[in-house]
Amino acid sequence: MEQNKNTLSVLKIAPGQHPQQVEIDNDLKALQQAVGGTIASVYPFADPVAIICNDDGKLMGLPLNRALWDEDGLMYDVIAGTFLVVGLGEEDFASLSPELAQKYEEHFHQPEAFLPLGRRLMVIPVPDESVQSDAEKAVNKPPVEHDR
């Protein structure tokens, strides 16, 4: 994929969807628009990547998207709303290399559903047949019933 210095090749991950590789402008406004508000950067992996998410996503009540797990397999946080996986340059965000894009597409491939159980949260992988793209949703909308 040809790369322009003014754009970033990143993974965009929306709740209930598979990751999509997208090109976005390399500026604060585009990052904020992609996640729907003020951004926060999280660095949960050893690779030179960051997660850019909506800093107020949980407070805004955005849908829970993906869990973050520690090295012992314990969930320590959940990202709410759409987020991006971006590469890290020497001083700024960068495009993901093809290898890292593939690695994190596989890592975040399976959408997750969250079920509150008292003070705990159960994470349930969503089967592939339950995941539809936006185009499929538009085509497969059930007929609308109207009251007369």
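I counted as helices the DSSP runs of H or I with at least four residues and as strands the E runs with at least two, numbered from the N terminus. On that basis I found three helices and ten strands in the protein. I wrote down the order of elements from the N terminus as β-β-α-β-β-β-β-β-β-α-β-β-α.

I noted that this is a predicted model, in which local features need pLDDT of at least 70 and side-chain atom pairs count only at pLDDT 80 or more, while totals for chains, interfaces and linings use all residues. Residues are numbered from 1 along each chain as its sequence is written, and side-chain values use heavy atoms, with hydrogens and water left out.

**Whole chain**

I looked up burial, taking buried as under 20% relative accessible area, exposed as over 50% and partly exposed as in between (1.4 Å probe, protein chains only). Of 148 residues, 33% are buried. For the surface I used the Shrake-Rupley method with a 1.4 Å probe. The protein exposes about 9900 Å², and 51% of this comes from carbon and sulfur atoms. I then took contacts (heavy atoms within 4.5 Å). Among those with a separation of 6 or more, 48% join residues 24 or more positions apart.

I treated two strands as paired if DSSP finds at least two bridges between them. Strand E5 (residues 64-69) and strand E6 (residues 75-80) are antiparallel and share five bridges. Tryptophan 69 has methionine 75 in E6 as its bridge partner. Five residues lie between the strands of this hairpin, and glycine 73 has a positive phi near 80°.

**Salt bridges**

I searched the whole structure for salt bridges (a side-chain nitrogen of Lys or Arg within 4 Å of a carboxyl oxygen of Asp or Glu). The search gave two.

One of them joins aspartate 47 and lysine 103, with the closest N and O atoms 2.6 Å apart. Aspartate 47 sits in the loop between strand E3 (39-42) and strand E4 (49-54) and lysine 103 in helix H2 (residues 98-107), so the pair ties together parts 56 residues apart in sequence. Lysine 103 is partly exposed, at a relative accessible area of 42%.

Lysine 58 and aspartate 77 form a salt bridge at 2.4 Å, N to O. Lysine 58 is in the loop between E4 and E5 and aspartate 77 in strand E6, so this pair ties together parts 19 residues apart in sequence. Aspartate 77 is partly exposed, with 31% relative accessibility.

**Aromatic pairs**

I paired rings of Phe, Tyr and Trp (its six-membered ring) with centres within 6.5 Å, calling planes under 30 degrees apart stacked, over 60 edge-to-face and the rest tilted. I found three aromatic pairs in the whole structure.

The ring centres of phenylalanine 45 and phenylalanine 108 are 6.1 Å apart and the planes stand at 75°, so I listed the pair as edge-to-face. Phenylalanine 45 is in the loop between E3 and E4 and phenylalanine 108 in the loop between H2 and strand E9 (112-117), 63 residues apart. Phenylalanine 108 is buried, at 2% relative accessibility.

Phenylalanine 83 and phenylalanine 108 also form an edge-to-face pair, 5.2 Å centre to centre with 75° between the planes. Phenylalanine 83, in strand E7 (residues 83-88), is 25 residues from phenylalanine 108. Phenylalanine 83 is buried, at 0% relative accessibility.
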